[in-house]
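Colleague: I am new to this structure. Please show me how to read its features, one at a time.

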Amino acid sequence: MTDLIHRAAQALRSARKTIALTGAGISAESGIPTFRDPGGLWDRYDPEEYATIEAFRRTPGKVWRMMKDFTELKTARPNPGHYGLAQLEQMGFLRCIITQNVDNLHQDAGSRDVIEFHGNMRQVICQQCDKTLPLEDISLETLPPYCSCGGVFKPAGVFFGEPIPMHAMLRSQEEAQSCEVILVIGTSAVVYPAADIPRVAKEAGAQVIEINPERTDLTSGVSDFLIQEKAGVAIPQIVAAIRAMAS
Ligand code: NAD
């Protein structure tokens, strides 16, 4: 393991541009359940009933009641994995993070350049006038919440059946095509089009470094190597290794 941490640190030091793609796994150590791991969200809630845009349009109050129960989303704090990535950005070794997460924890940890591929559940957007507000600024006493224009507020995360925000899609493609190293952290890489990002980077010649306690669809074939460890353990070790190399 130490060898792979060292190899990752070397790769980041010598690359002109490194980016990261993160998924639910990086927030697992902050207490937010992943979707697909045992005990994850999809074990508790049927995605057909709660996570599609059709379900939201059909029964917005029901989807909002699930959201209200999902207290981890409001109380979670960043973990050493998030802080480690923010440090790498500050040290000049990480250009940006493309995240599939909707929990705002990268920004809470201090990362500045975060591309939110699936939106942000800590914000709401009016389905009629597009007004966007922080979740804490609206009352959840009666559900669904309504905008002053009369439209229904929807959590600003991307639901299944909704398009990826155009700016996030375009910028992610651009970053993937022009990076030399991509860190792929805590994602099972089965949700498309996000799962294409490491493949696009690989085809453009980038080195793909995965951090995940489990093997994924990328591990054989796309990844150059897998650091089989929790993000909150491996990322701080990479930061420490880079610091040690510099001193
Ligand atoms: P996923 O649930 O499909 O996969 C999670 C991956 O993280 C797995 O491969 C698992 O082995 C790995 N993992 C678990 N613990 C880890 C740890 N401590 N360190 C590193 N890796 C760990 O998640 P996904 O690939 O992100 O796809 C699910 C979709 O669900 C995403 O689109 C995302 O938007 C959404 N989601 C977001 C959150 C969040 O915002 N925190 C939470 C759940 C799901």
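Modeller: Start with a definition: a residue is buried if its relative accessible area is under 20%, and exposed if it is over 50%. Keep in mind that this is a predicted model.

Colleague: Is Tyr50 buried or exposed?

Modeller: Tyr50 has a relative accessible area of 16%, so it is buried. Tyr45 counts as buried too, because its relative accessibility is 16%.

Colleague: How do I read a pair of aromatic rings?

Modeller: Use the distance of the centres and the angle of the planes. Rings pair if their centres lie within 6.5 Å, and planes over 60 degrees apart count as edge-to-face. By this rule there are two aromatic pairs here. One of them joins Tyr45 and Tyr50: the centres are 5.0 Å apart and the planes are at 70°, so the pair is edge-to-face.

Colleague: What is the geometry of the pair formed by Phe56 and Phe159?

Modeller: Phe56 and Phe159 are also edge-to-face, at 5.7 Å centre to centre with 70° between the planes. This pair links distant parts of the chain. Phe56 sits in helix H5 (residues 53-58). Phe159 sits in the loop between strand S6 (153-157) and helix H10 (166-178), 103 residues apart from Phe56.

Colleague: Are Phe56 and Phe159 buried or exposed?

Modeller: Phe56 counts as buried because its relative accessibility is 2%. Phe159 is at 4%, so it counts as buried as well.

Colleague: Which residue lies over the face of Tyr50?

Modeller: That is Lys62, at 5.3 Å from the ring centre.

Colleague: Now helices. How are two packed helices described?

Modeller: By the angle between their axes and the distance between the axes. Take helix H8 (residues 80-90) and helix H12 (residues 231-246): their axes come within 7 Å and cross at roughly 30°. Angles under 35 degrees count as roughly parallel. H8 and H12 are therefore roughly parallel to each other. H8 passes H12 in a left-handed crossing.

Colleague: Which residues make the contact between H8 and H12?

Modeller: On H8 they are Pro80, Gly81, Gly84, Leu85, Gln87 and Leu88. On H12 they are Ala231, Gly232, Ile235, Pro236, Val239, Ile242 and Arg243.

Colleague: At what angle do H10 and H11 pack?

Modeller: H10 and helix H11 (residues 196-203) pack at about 35°, with axes 7 Å apart. Their crossing is right-handed. H10 brings Ser172, Gln173, Ala176 and Gln177 to the contact, and H11 brings Ile197, Val200 and Ala201.

Colleague: Which residues of H6 are buried?

Modeller: They are Pro60, Gly61, Val63, Trp64, Met66 and Met67. The buried residues of H6 pack against helix H4 (47-50), H5, helix H7 (72-75), strand S4 (119-126) and S6.

Colleague: What about the backbone?

Modeller: Most residues other than glycine have a negative phi, and most peptide bonds are trans. Look for the exceptions.

Colleague: Where are cis peptide bonds found?

Modeller: One joins Leu143 and Pro144, with omega about 0°. Pro144 lies in the loop between strand S5 (132-134) and S6. Another joins Tyr192 and Pro193, with omega about 5°. Pro193 is in the loop between strand S7 (181-185) and H11.

Colleague: Which residues other than glycine have a positive phi?

Modeller: Asn104 is one of them, with phi near 70°. Asn104 lies in the loop between strand S2 (96-99) and helix H9 (105-109). At 18% relative accessibility, Asn104 counts as buried. Asp130 also has a positive phi, about 70°. Asp130 lies in the loop between S4 and S5. Asp130 counts as exposed because its relative accessibility is 54%.

Colleague: Last, what does Ile26 touch?

Modeller: Ile26 lies in helix H2 (residues 25-28). At 0% relative accessibility, Ile26 counts as buried. Leaving out residues up to four places away in sequence, Ile26 touches Asn79, Gly81, His82, Leu85, Asn101, His106, Ile185, Gly186, Ala231 and Ile235.

Colleague: How far apart are Ile26 and Pro165?

Modeller: They are 139 residues apart in sequence and 22 Å apart in space, C-alpha to C-alpha.

Notes
Residues numbered from 1 in each chain as written. Predicted model: local features only at pLDDT ≥ 70, side-chain atom pairs only at ≥ 80, totals over all residues. Heavy atoms only, no water. Phe/Tyr/Trp six-rings, centres within 6.5 Å; stacked < 30°, edge-to-face > 60°. Buried < 20%, exposed > 50% of the residue type's maximum accessible area, 1.4 Å probe, protein only. Helix = DSSP H or I, 4+ residues; strand = E, 2+ residues; numbered from the N terminus. Lys NZ or Arg CZ within 6 Å of the ring centre and 35° of its normal. Axes fitted to C-alpha atoms, helices over the stretch in contact; angles between N-to-C directions. Parallel < 35°, antiparallel > 145°, perpendicular 65-115°, else oblique. Left-handed = near helix turned anticlockwise from the far one by under 90°. Contact = heavy atoms within 4.5 Å.
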